[in-house]
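Try each task before reading its solution.

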Amino acid sequence: MEFWNEKAISSHTEPVLKEVDVVVCGGGPSGVAAATVCGRQGLNTLLIEKNGFCGGAAVSGLSGTICGLYLTQEDIENKEPEQVVFGFAEEFKKRLTEKGGLTEPQIYGNTHVLTFDPFCWREVADDMLEEANVSVLYHTLVSEVSKDENTLTAIRIESSAGNSYIKAKAFIDCTGDAALIAKSGLEYTFGDNGAIQNPTMMFRVSNVDTPAFYEYFGKDTICPADCTRKLSDAYAKGTYNTPRDRVWIFPTPQESIFLMNCTQLAGQHGEMLNVINPEDRSHAEISGRRAAREYHRFFKDNIPAFNESELIDMAPEVGVRQTRTIVGEKQLSNEHVANCTKCDDSIARSSWPIELHAGEVSKLQWLTNDYYEIPYGTLVPKDLRNVIVAGRSLCAEHEALASSRVTAQCFEYGHAAAVATGLLFEENCSYKDVTANELRTRMVANGSSL
């Protein structure tokens, strides 16, 4: 069923609300980084976000962790965390720590993650955007674009106040859904021949017996084999509706509160949910809330550390891992990721595993003691001169995206897009023709490791 025309290209007649240098669409990790760094470069910057706060899937989807900062290592319990991603990701990490909103590194399989407090995340984002003189419009959606050949000239926005247009010289698409690309009529792909990763409903529980938790789970946030067996047996017997038997549980900055990544959502008959489709996404929201309640019931009944626990929070919206992927000047291939390939135009590193949540069984392929680099061209869509993408919509093959879509890398994609925007204005060129060496030099000066 078609719910809207994705090729929503118009020649606008409605009033122009603002004229700015650059519009950043979407306030997730990449959007906050892009808008903040654009503002710091003296560009008149506007950030548009559909929610009333920044954070994207990290906050509204309650993913709750900063993944992708650290090197994957063997014998992880006897190794100190080795950080390989810095730049804006490191700056945001430090700001969260200053607010008491971030844990110490926690073991996740063969690497480390950090768990953050979502309220602190929102505050840090607000503070950084304000300090950079970025204008923000919350509760605002992009509904159409206006285009002159291969140049975007304006976007149409919708809010409770009505409709109007924003004109800009450059646009950064951080929507996670490649919304500007789709509405411009450009080509994009959708998962593996139309199959995308499963969405998840994250939740938090309080009053967990922390010593008992560590006694049973150990230091790894991936559940132990005994827990997997119990979940599988419970599902087979029909006593609990727990189809996913490998779950992730993260301590949070708050004492005795734990973040639960348990659900793996599918349609009523086990089919893939297309979360671009509002019908499928609505089903995901409703079934996700029920699934969270069911998993908590299992843990409360069967795992002693959770006997007195209470379900206190579910994600405001289902967590989405993947939708549209742009067709870019370069593509991040599965082979590039698996072989830990380096490149001359790198704008970020990643040692995060290929973490593929699709079908009935999740896949984890570790990139041990090494990392790959993401090329700048993966952010640059073909056939638009003044639009760049940052976030999970970068040009990547299906399994490569399952590694490259996580939080630390998204921070750095936004950072790179913003620096490229500064060069676009200075060099009076298209994003495609930005000088990659100068882009990298400026990112390194900002603290990135390249």
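**Exercise 1. Strand pairing**

Task: In this predicted model, find how many bridges join S3 to strand S5, and which way the two strands run.

Solution: 
- Start with the pair. S3 and S5 (residues 111-115) are joined by two bridges and run antiparallel.
- Pick one bridge. Thr65 has Thr115 as its bridge partner in S5.
- Three strands form an open sheet in the order S3-S5-S4, with antiparallel pairing.
- Read off the edges. S3 (65-66) and S4 (106-108) each have a single partner strand, so one side of each lacks a neighbour in the sheet.

**Exercise 2. Arg281**

Task: Then decide: does Arg281 count as buried or exposed?

Solution: 
- Apply the cut-off. Buried means under 20% relative accessible area. Arg281 has 18% relative accessibility, so Arg281 counts as buried.
- List the contacts beyond four places in sequence. Arg281 touches Lys50, Asn274, Val275, Glu317, Val318 and Val320.

**Exercise 3. Nonpolar cores**

Task: Which residues touch the most other members of the largest nonpolar core?

Solution: 
- Take the core of 74 residues. Phe92, Trp121, Ile172 and Ile347 touch the most other members.
- Find the main contributor. Helix H10 (residues 407-427) gives the most to this core, with eleven residues.
- Check for another core. A second, separate one has 48 residues, including Phe203, Val208, Phe306 and Val406.
- Return to Phe92. Outside four places in sequence, Phe92 contacts Val32, Trp121, Val124, Ala125, Met128 and Phe411.

Notes: Residues numbered from 1 in each chain as written. Predicted model: local features only at pLDDT ≥ 70, side-chain atom pairs only at ≥ 80, totals over all residues. Heavy atoms only, no water. Buried < 20%, exposed > 50% of the residue type's maximum accessible area, 1.4 Å probe, protein only. Contact = heavy atoms within 4.5 Å. Pairing = 2+ DSSP bridges. Helix = DSSP H or I, 4+ residues; strand = E, 2+ residues; numbered from the N terminus. Core = buried A, V, L, I, M, F, W, Y, C linked by side-chain atoms within 4.5 Å.
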